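Thank you all for making the time this morning. I would like to walk through one structure with you, and I will begin with a term that we will need along the way.

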Amino acid sequence: MTYEEFKQQLVTSLRELFPAGTCITIRPFSHNNHILLDGLTILEPGSNVSPAIYLNHYYESYQQGTSFSALQSCILRYYYEHCSVRTVDTSFFTCFENIRSRIVYKLIHYEKNRELLKEVPHLPWMDLAIVFYCLIQERSGKNASIPIFHEHLDYWNISVDTLFSLARQNTPLLLSFCCDSLADLIFPVLDVLPEEERRSAQDTLISESVPMYVLTNHLRLNGACCILYQDALKQVSDQLRDSLYILPSSVHEVIAIPASHAGNPGELPRIVGEINLAEVSPEEILSDRVYFYDRSSRRLSLY
């Protein structure tokens, strides 16, 4: 089956499973870094919002041998797990007072998103851009949000500075900061190994690996912007008693390495670039650059 045939068969088979009047469509969605992905939306009668289910990687799984029926079951499961919000009163968005406490920010790459940045209010920040959205719901795996465009600011009669001031207050409150040792995050995954292998792997992580810390928000969604939170990096560097190299793991998180454990820091940008090429989805790449937080001056800069 070609990709076009895959999409057509999926829509046809899904229509048989939903009540009459359900609108099932597939259209391209523009993502971070100017990546276009095909999104499936299912609007059941009485609903006006739907999770967008991106099909490109499902088709890749089909090409690798996963059956069509198994993929359809996965898509349905994803839909039912993420459709807790079925209706949104869009009129509330026209009143700025209704949404001012829900305005938050995130970080994206500046150069890779030049076309998007023509349409949305933003602030340049190093090699990145701060952009804004309205967070309707913040539950793990079940968030809903609306991006903010220039026309919204015109309608509300507010400035980008006002938007940033509100987002700077709201984002740390709605999307609270968290910092975890990478080793602590990996340890639970090792439970699948036999006991002897597990202990050996744990000992290796503790004794030989460079200490790394994952900085993000409690949803682990667009959490790289936590480096903008007031005192977040100060808190981490004070706890570690060291300056920090900040590696942009993705738009969702960054990795902090104590400066005294970084070895040859000149190698860090190469490592970030290689990981972005091999391990990170194109739409989730934040930057190939490395940042440095100086504990003495309390300043973050491009390394």
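When I call a residue partly exposed, I mean that its relative accessible area lies between the limit for buried, under 20%, and the limit for exposed, over 50%. Glu115 is a case in point, since its relative accessible area is 42% and the residue is therefore partly exposed. Please keep in mind throughout that what you see is a predicted model.

Glu115 is joined to Lys118 by a salt bridge in which the closest N and O atoms are 3.1 Å apart, and Lys118 itself, with a relative accessible area of 57%, is exposed. A further salt bridge links the side chains of Glu111 and Arg114, at 2.9 Å from N to O; here Glu111 is partly exposed at 47% relative accessibility, and Arg114 is likewise partly exposed, at 42%.

Now to the interior. In soluble globular proteins, nonpolar side chains tend to be buried together. In this model the largest nonpolar core has 44 residues, and those with the most contacts inside it are Tyr105, Leu107 and Ile246. Strand E6, residues 128–137, supplies the largest share of this core, namely six residues. Another core lies apart from it, with 19 residues, among them Leu10, Ile53, Tyr58 and Tyr79. If we look at Leu107 and set aside residues up to four places away in sequence, its contacts include Trp125, Leu128, Ile130, Cys225, Val251 and Leu286.

Cys225 counts as buried, at 1% relative accessibility, whereas Cys95 is partly exposed, with a relative accessible area of 32%. Cys74, which has its place in helix H3, residues 68–81, is also partly exposed, at 29%.

Let us turn to the sheet. Six strands form an open sheet in the order E8-E9-E11-E10-E12-E13, with antiparallel pairing. Strand E8 (177–181) and strand E13 (299–302) stand at the edges, and because each has a single partner strand, one side of each is left without a neighbour in the sheet. From one strand to the next, the twist averages 30°. Strand E12, residues 291–294, runs antiparallel to E13 and is joined to that strand by four bridges, and Asp294 has Arg299 as its bridge partner in E13.

Two helices pack on this sheet. Helix H10, residues 232–240, touches E8, E9, E10, E11, E12 and E13, and its direction makes about 125° with that of E10. Helix H11, residues 268–278, touches E10 and E11, with an angle of about 15° to the direction of E10.

Lys234 is partly exposed at 32%, and Asp238 is partly exposed at 24%. Through salt bridges that share partners, Lys234, Asp238, Arg295 and Arg298 are joined into one network.

Terms used. Residues numbered from 1 in each chain as written. Predicted model: local features only at pLDDT ≥ 70, side-chain atom pairs only at ≥ 80, totals over all residues. Heavy atoms only, no water. Buried < 20%, exposed > 50% of the residue type's maximum accessible area, 1.4 Å probe, protein only. Core = buried A, V, L, I, M, F, W, Y, C linked by side-chain atoms within 4.5 Å. Contact = heavy atoms within 4.5 Å. Pairing = 2+ DSSP bridges. Axes fitted to C-alpha atoms, helices over the stretch in contact; angles between N-to-C directions. Salt bridge = Lys/Arg side-chain N within 4 Å of Asp/Glu carboxyl O.
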